[in-house]
Amino acid sequence: MKVLISNPPWYVPTGVLRNKALRMGIKAGSRWPYTDKVNKGYFPFPFNMAYADAYLKQGGIDSTVRDSIVLFDEYAEFFEIASNFDYVVIETSAASRENDCFIIEQLAKRSKVILVGLHATAFAGELIKQREVYAVLKGEYERNLANCLTIGLGGVYDFDEWENVDDAPFPTRDETIYRYRERQRGALQVWASRGCPHQCSFCYVTCFYSKNRYRPHSPERVEGEISDALKRFPRLKSIYFDDDTFNIGNERIREISRRLKRFNLPWSAMCRADTCNLETFRIMKENGCVELKIGIESGSQRILDDIIGKSLNLENTKRIVWELKKMGFRIHGTFMYGFPTETVEEVQMTKNVMAELQCNSKQYSHLGLLSGTKAWKQFEGTHGRMPTVIESDGVLSKGM
Ligand code: SF4
């Protein structure tokens, strides 16, 4: 039994050669799959794919992981490779679903197709009815993939998550690692936790994890995984914690920070401003943290409270961001617009906050609607239809 865990090509329009593509998609590893200009942007490490591959290998299953997006595979090349496998696993998303359908139809001629990812999680019941689909695995899929293959039965597999995420093996990493990029090539992308205790209406974590929504790795495990990766890939130049929210709590984050000192590499992390105190941020800085990505989303407290449920006090956040800048952190702020009921004045308020904070860099994108989230359901309630692929693509959905 040979298994391919894949992130298939996603060019726009679907099916074209790369040099004819108008855009390309970024999917596995991204919280909000989207399309961008070909060869632009960053490539997130496909964590679930890499964990699943390692877990299957640990169980003696012949598994291969291939990220055809970061490798810029052509469609024909991908189908040729995939034809050698009995099972092909595909992450699905709302923004890529038309491309995913095209891929699935081709693959099903030779292999059993297993769907995973947020869109498959939200629409498992519908998707399993398609004759090309062998199985649909809800939520984080490492354990379920092993279950499905070992049992040898198709169908829908309900959430099966690690209680203790330290039980997961280190994710598979190979030479492709140098192609993934954060701000620059050569950042080791790591998860120190899974999930987040918050429940923002637009965020994938509210649907992708069923229980134990926030599960941290122990500091020992984080240090061990980084140590292992840096020994094998010594040209890595920095570390990036691509957690949903890295800095939850004080003691554990301080302990992780102190353990990172020995690697003598700059590191950065996806954070909230309010989930640890300033002393913890100071210890992070002292131990090599140079940049924080902070989700602020909107300059309107009404939007934060009543529309997206961010549980974030804007004035407090602004004060903390200024303190962090004074400490010497680079700040990457993330902001959005296009929220339901958002007024022109509120969009301007977000722009004012962006101007006021003077983040070193920022992301300002349209709300992209992700399958199954509260924002997705609100849209369906208002419009009587599901969002289109464009409305799910945070980069493209400006006209929504
Ligand atoms: S705080 Fe961030 S990771 Fe957590 S639910 Fe909100 S958007 Fe998602």
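Mentor: Let's start with the domains: the C-alpha centres of domain 1 and domain 2 lie 27 Å apart. Keep in mind that this is a predicted model.

Trainee: Where does the chain divide into domain 1 and domain 2?

Mentor: Domain 1 runs over 2–157, and domain 2 over 181–367. Their contact takes 11 residues from domain 1 and 10 residues from domain 2. On the side of domain 1 that touches domain 2, helix α4 (residues 118–122) has the largest share, with 3 residues.

Trainee: What makes Tyr11 count as buried or exposed?

Mentor: Count the neighbours. Tyr11 has 23 other C-beta atoms within 10 Å. The cut-off for buried is 20 or more, so Tyr11 is buried. You'll find Tyr11 in strand β2 (residues 11–12).

Trainee: Which residues does Tyr11 touch, leaving out those up to four places away in sequence?

Mentor: Val16, Arg18, Ala21 and Met24. There's also Tyr75 to look at: Tyr11 and Tyr75 are 64 residues apart in sequence, yet 8.8 Å apart in space, C-alpha to C-alpha.

Trainee: Which residues have the most contacts inside the largest nonpolar core?

Mentor: Val88, Val89, Ile114, Leu115, Leu137 and Leu145, in a core of 79 residues. Helix α1 (residues 47–58) gives the most to this core, with 6 residues.

Trainee: And how do you know where this core lies relative to domain 1 and domain 2?

Mentor: Check who contributes. Domain 1 and domain 2 both give residues to this core, so it lies between them. Apart from it lies another core, of 34 residues, including Val222, Ile239, Ile294 and Val321.

Trainee: Back to Val89, then. Which residues does Val89 touch beyond four places away in sequence?

Mentor: Val89 touches Val3, Leu4, Ile5, Ser6, Ile114, Val116 and Leu145.

Trainee: Now the helices. Why are α10 and α12 called roughly parallel?

Mentor: Look at the angle. Helix α10 (residues 278–286) and helix α12 (residues 314–327) pack at about 30°, with their axes 11 Å apart. Angles under 35 degrees count as roughly parallel, and α10 and α12 are therefore roughly parallel to each other.

Trainee: Which residues make that contact?

Mentor: From α10, Leu278, Phe281, Arg282 and Lys285; from α12, Glu323, Leu324 and Met327.

Trainee: Is the crossing of α10 and α12 left-handed or right-handed?

Mentor: Right-handed.

Terms used: Residues are numbered from 1 along each chain as its sequence is written. This is a predicted model: local features need pLDDT of at least 70, side-chain atom pairs count only at pLDDT 80 or more; totals for chains, interfaces and linings use all residues. A nonpolar core is a set of buried Ala, Val, Leu, Ile, Met, Phe, Trp, Tyr and Cys residues joined through C-beta atoms within 7 Å. A residue is buried if 20 or more other C-beta atoms lie within 10 Å of its own, exposed if 12 or fewer, and partly exposed in between; C-beta atoms are placed from the backbone. Helices (H or I, at least four residues) and strands (E, at least two) are DSSP runs, numbered from the N terminus. Domain bounds come from an automatic or database domain assignment. Two residues are in contact if their C-beta atoms, placed from the backbone, lie within 7 Å. Axes are lines fitted to C-alpha atoms, for helices over the stretch in contact, and angles run from 0 to 180 degrees between N-to-C directions. Angles under 35 degrees count as roughly parallel, over 145 as roughly antiparallel, 65 to 115 as roughly perpendicular and the rest as oblique. A crossing is left-handed if the near helix is turned anticlockwise from the far one by less than a right angle, and right-handed if clockwise.
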